[in-house]
Each structure stands twice: as C-alpha cells, then as structure tokens.
Amino acid sequence: MEIEYLGHSAFFLKGKEKSVVTDPFDGVGYPMKRVKCDYCLVSHGHFDHSNVNGVDCGKVIDSSRDGFIVVDSFHDSNLGALRGKNRIFFFSIDGIKFCHMGDLGEYYSDRLVEEIGETDVLFIPVGGNYTLNGAEAAKFASAIKAKITVPMHYKTKRSEIDVDTPNDFLRRMPNVVKVGEKIELTRETLPEYESVYVFDDKNF
C-alpha cells in the first residue's frame, strides 16, 4: 500500500482493499491535492479537518461503521469546554492497523492509551496550541509503542496556522526517519524497531 502526506493532518492511504483520506483541510495557507478515495474520515467539524468537498470521496465516515472504529476524545485539556469533542479513528488496510488521533488535545491518560491499544501506524498531532504539544504527544507515542509513529498538525513553511514545528516532539523520540511526502508500506516492511516517520521534512 501507499501512504501520501497531503498536508496538515490529511493523509491519502491507498491499499488493495480500500483507499482512505484523513481529515481533509482548507484554509491553512496552501491547497490540498485533490484525490479520489473510497472513504474520507472527519475527526471533527473545524474547517481544517472537514473539507470533504475537496476530496472525491465515496463515503464520509464520522462514526463507527464499515470497518472503522471511533473512540470519542476531547479537542482540548478542559474536557471539550474550549473546542469540543474529537474522534480517534481505528482501521486496517491490507493487514496493517492504523490509528489517526485527529485533533486530540486532552492530557495523557492510561485510560486513553488502553483504549487505543495495539496499532502499527499512529498518526498523532504534535504542534500544540490547538492540540497536543510535543511533550504530551511524546508521552502518548512512547506509551502506545506503534511500529511507526507519524507526527502531524505542525507548522511548516507553507502553512499559516498558529502551531509549532514538530521539532520538540522529534527531540524526545528515538529512531526518527525523514521520508518525504510518500512511502510504500506492507506488513513485511514494517520496521523492526519503533520508529518515527516524518513527512514533509523539507518544509519546516
């Protein structure tokens, strides 16, 4: 299968079984590449995560169905009082287990780590301000122990959103690999050791 970083928190995952776009964005300072997919996942209704009109999508997924599992969480550390709820998505493509954490902003908890459970690829926000910052994201990532952890929702040279670069998160994590904008992945090529794959590394 192929994973392409579209920007912000949006990824295009194209496998033999199905294709998925996560959190299509608008209004972050640059356009999102238009792609065609079977499913589009929306973690919450903010403009930079719910631009479903920017994707040629078969079905929009915002609840548990069609093989996608949703765990409710909060967009901020005040139990949603500031920014509301956030959906964490779990799904599999070609035998690889994915977790996309959306705009998670609540503080670390063992409860949430247990709900997330075992995952091969973890997409986690790291830019702070609206979501987890680098330190909180590192706590989650270190506890979840995905084979591949992918930081997202961070500041780049292209974006105008008021968040930090991923550098604070990356300083706290082992085995950081810069991968550009696209990778090929199978169960057999998952890394032996827990690794952090950084997309869009030329732009921050």
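Reader: In β4, which residue is the bridge partner of Val20?

Author: Strands of a sheet pair through backbone hydrogen bonds, either parallel or antiparallel. In this predicted model, Val20 has Tyr39 as its bridge partner in β4. The two strands concerned, β3 (residues 19-22) and β4 (residues 36-41), pair in the parallel sense over three bridges.

Reader: In which sense do β4 and β5 pair, and over how many bridges?

Author: The pairing of β4 and β5 is parallel and comprises five bridges. Within it, Cys40 has Val60 of β5 as its bridge partner.

Reader: How do β1 and β2 run, parallel or antiparallel?

Author: Strand β1 (residues 2-7) and strand β2 (residues 10-14) run antiparallel, joined by five bridges. Opposite Glu4 stands Phe12 in β2.

Reader: What is the order of the strands in the open sheet?

Author: The sheet is open and has six strands in the order β5-β4-β3-β2-β1-β12, with mixed pairing. Because β5 (56-61) and β12 (182-184) each have a single partner strand, they stand at the edges, and one side of each lacks a neighbour in the sheet. From one strand to the next, the twist averages 20°.

Reader: How should I read the nonpolar core, and which residues touch the most other members?

Author: In soluble globular proteins, nonpolar side chains tend to be buried together. Here the largest nonpolar core holds 52 residues, of which Ile3, Leu13, Phe98 and Phe169 touch the most other members. Beyond its neighbours within four places in sequence, Phe169 is in contact with Ile124, Val126, Gly134, Ala137, Ala138, Ala141, Thr149, Pro151 and Val196. Another core lies apart from the largest one and has eleven residues, including Leu6, Phe25, Val35 and Val55.

Reader: Where is Phe140 placed, and is Phe140 buried or exposed?

Author: Phe140 belongs to helix α2 (residues 134-144). With a relative accessible area of 0%, Phe140 is buried. Residues in contact with Phe140, leaving aside those within four places in sequence, include Met101, Leu104, Tyr108, Leu112 and Ile124. The C-alpha atom of Phe140 is separated by 32 Å from that of Asn53, and the two residues are 87 residues apart along the chain.

Reader: Is Ser73 buried or exposed?

Author: Ser73, which has its place in strand β6 (residues 69-74), is buried, with a relative accessible area of 3%. Not counting residues up to four places away in sequence, Ser73 touches Lys85, Asn86, Arg87, Ile88, Leu104 and Glu106.

Reader: How many aromatic pairs does a search of the whole structure find, and how is such a pair described?

Author: A pair of aromatic rings is described by the distance of the centres and the angle of the planes. The search of the whole structure finds eleven aromatic pairs. For Tyr5 and Phe11, the ring centres are 4.7 Å apart and the planes are at 35°, so this pair is tilted. Tyr5 counts as buried at 5% relative accessibility, and Phe11 is buried with a relative accessible area of 0%.

Reader: Which residue lies over the face of Phe68, and over which ring does the charged end of Arg158 sit?

Author: Lys18 lies over the face of Phe68, at 5.8 Å from the ring centre. The charged end of Arg158 sits over the ring of Tyr30, at 4.1 Å from its centre.

How values were computed
Residues are numbered from 1 along each chain as its sequence is written. This is a predicted model: local features need pLDDT of at least 70, side-chain atom pairs count only at pLDDT 80 or more; totals for chains, interfaces and linings use all residues. Side-chain values use heavy atoms; hydrogens and water are left out. Two strands pair if DSSP finds at least two bridges between them. Helices (H or I, at least four residues) and strands (E, at least two) are DSSP runs, numbered from the N terminus. Axes are lines fitted to C-alpha atoms, for helices over the stretch in contact, and angles run from 0 to 180 degrees between N-to-C directions. A nonpolar core is a set of buried Ala, Val, Leu, Ile, Met, Phe, Trp, Tyr and Cys residues joined through side-chain atoms within 4.5 Å. Buried means under 20% relative accessible area, exposed over 50%, partly exposed in between (1.4 Å probe, protein chains only). Contact means heavy atoms within 4.5 Å. Rings of Phe, Tyr and Trp (its six-membered ring) pair if their centres lie within 6.5 Å; planes under 30 degrees apart count as stacked, over 60 as edge-to-face and the rest as tilted. A charge sits over a ring if NZ of Lys or CZ of Arg is within 6 Å of the ring centre and within 35 degrees of the ring normal.
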